[in-house]
Amino acid sequence: MLARMAERRDVAVAKALMSPSIGFWRDIADLENHLTPDEEVWRMAGGEYAGESGLVAVSDKRVLFLAFGQIRWSVDTAEIGPARCDCGDLFATLTITTKHGGFTVRRVDRRDGAAVAEAAGGRCTRGYRMGVTPTG
């Protein structure tokens with residue numbers, strides 16, 4: 001069965017801002033099942049966490065990683081420390097720091113990783129400053 005396409009405007013806009021990639025459409029469609037009605041998604045990126053491919057999403061309330069229809073981790077914005085995107089030649093590594101540790105997502109598209117880091121209030125290394133603002 002095919003995953004349904006994004007119906008929420010915020011998810012559709014964040015999807016349109018992502019770099020063209022394959023393999024994350026089901027996670028994008030599943031994301032809507034895990035959002036509250038008043039939550040607004042700002043940016044998304046595909047990547048790998050703990051050996052699983054999935055989707056990192058930044059909203060006005062949290063940052064989360066979704067894989068195979070399940071949230072693997074979710075951090076409220078109040079708990080987020082510095083977010084960082086280290087860009088390599090092909091991919092980036094996205095690090096979300098929290099009060100209790102952090103999460104590292106690998107094999108992220110460079111441009112998407114930079115956008116997610118900035119949307120989460122972080123910074124980027126080796127270029128790709130995106131000037132990300134909420135989609136409003």
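Biologist: Which residues lie nearest the centre of the largest pocket, and how many line it?

Modeller: Keep in mind that this is a predicted model. The largest pocket has 14 lining residues, and those nearest its centre are Phe24, Gly46, Phe91, Arg107 and Asp109. The volume comes out at about 160 Å³.

Biologist: What makes a residue count as part of the lining?

Modeller: It needs an atom within 4 Å of a pocket point. By class, the lining splits into 5 nonpolar, 5 polar and 4 charged residues.

Biologist: Why is Arg107 called partly exposed?

Modeller: Buried means under 20% and exposed means over 50%. Arg107 has a relative accessibility of 46%, so it counts as partly exposed. Arg107 is in strand β7, and its phi is positive, about 55°, although it is not a glycine.

Biologist: What about Phe68: where is it, and why is it called exposed?

Modeller: Phe68 is in the loop between β3 (62–67) and β4. Its relative accessible area is 62%, and the cut-off for exposed is over 50%, so the label is exposed. Phe68 also has a positive phi of about 55° without being a glycine.

Biologist: Why is Glu39 called buried?

Modeller: Buried needs a value under 20%, and Glu39 has a relative accessible area of 3%, so Glu39 is buried. You'll find Glu39 in the loop between α2 and β1. Leaving aside neighbours within four places in sequence, Glu39 is in contact with Arg8, Asp10, His34, Ser59, Asp60, Lys61 and Arg62.

Biologist: How far apart are Glu39 and Asp60 in sequence and in space?

Modeller: They are 21 residues apart in sequence, with 6.4 Å between their C-alpha atoms.

Biologist: And Ile71, what makes it partly exposed?

Modeller: Its relative accessible area is 29%, which falls between the 20% and 50% cut-offs, so Ile71 is partly exposed. Ile71 is in strand β4 (residues 70–76). Beyond four places in sequence, its contacts are His34, Arg62, Leu64, Phe65 and Leu66.

Biologist: How do you know that the buried residues of α1 are on the same side of the helix?

Modeller: The buried residues in α1 (residues 9–17) are Asp10, Val11, Ala14 and Lys15. They cover an arc of only 135° around the axis, which puts them on the same side of α1. They pack against α2 (25–31) and β1 (41–49). On the face turned away from the buried side sit Arg9 and Ala16, which are exposed.

Biologist: What is the overall pattern of the chain?

Modeller: The chain has 3 helices and 8 strands, in the order α-α-β-β-β-β-β-β-β-α-β. Of its 136 residues, 46% count as buried. Among contacts between residues at least 6 apart in sequence, 45% join residues at least 24 apart.

Biologist: What is the average pLDDT, and what share of the residues score at least 70?

Modeller: The chain averages 84, and 84% of the residues score at least 70. Over residues 124–136, though, the pLDDT is below 50, and that stretch has 39 contacts in the model beyond near neighbours in sequence.

Terms used: Residues are numbered from 1 along each chain as its sequence is written. This is a predicted model: local features need pLDDT of at least 70, side-chain atom pairs count only at pLDDT 80 or more; totals for chains, interfaces and linings use all residues. Side-chain values use heavy atoms; hydrogens and water are left out. Buried means under 20% relative accessible area, exposed over 50%, partly exposed in between (1.4 Å probe, protein chains only). Helices (H or I, at least four residues) and strands (E, at least two) are DSSP runs, numbered from the N terminus. The arc is that of the directions from the helix axis to the C-beta atoms. Contact means heavy atoms within 4.5 Å. On a 1 Å grid over the protein atoms alone, a cavity is a set of points where a 1.4 Å probe fits but cannot get out, and a pocket is an open set with protein on both sides within 12 Å along at least five of seven lines; lining residues have an atom within 4 Å of a point. Grid points are joined across faces, edges and corners, and a volume is the space filled by probe spheres set on the points. Ala, Val, Leu, Ile, Met, Phe, Trp, Tyr, Cys and Pro count as nonpolar, Asp, Glu, Lys and Arg as charged, and the others, Gly among them, as polar. pLDDT is the predictor's confidence in each residue, from 0 to 100.
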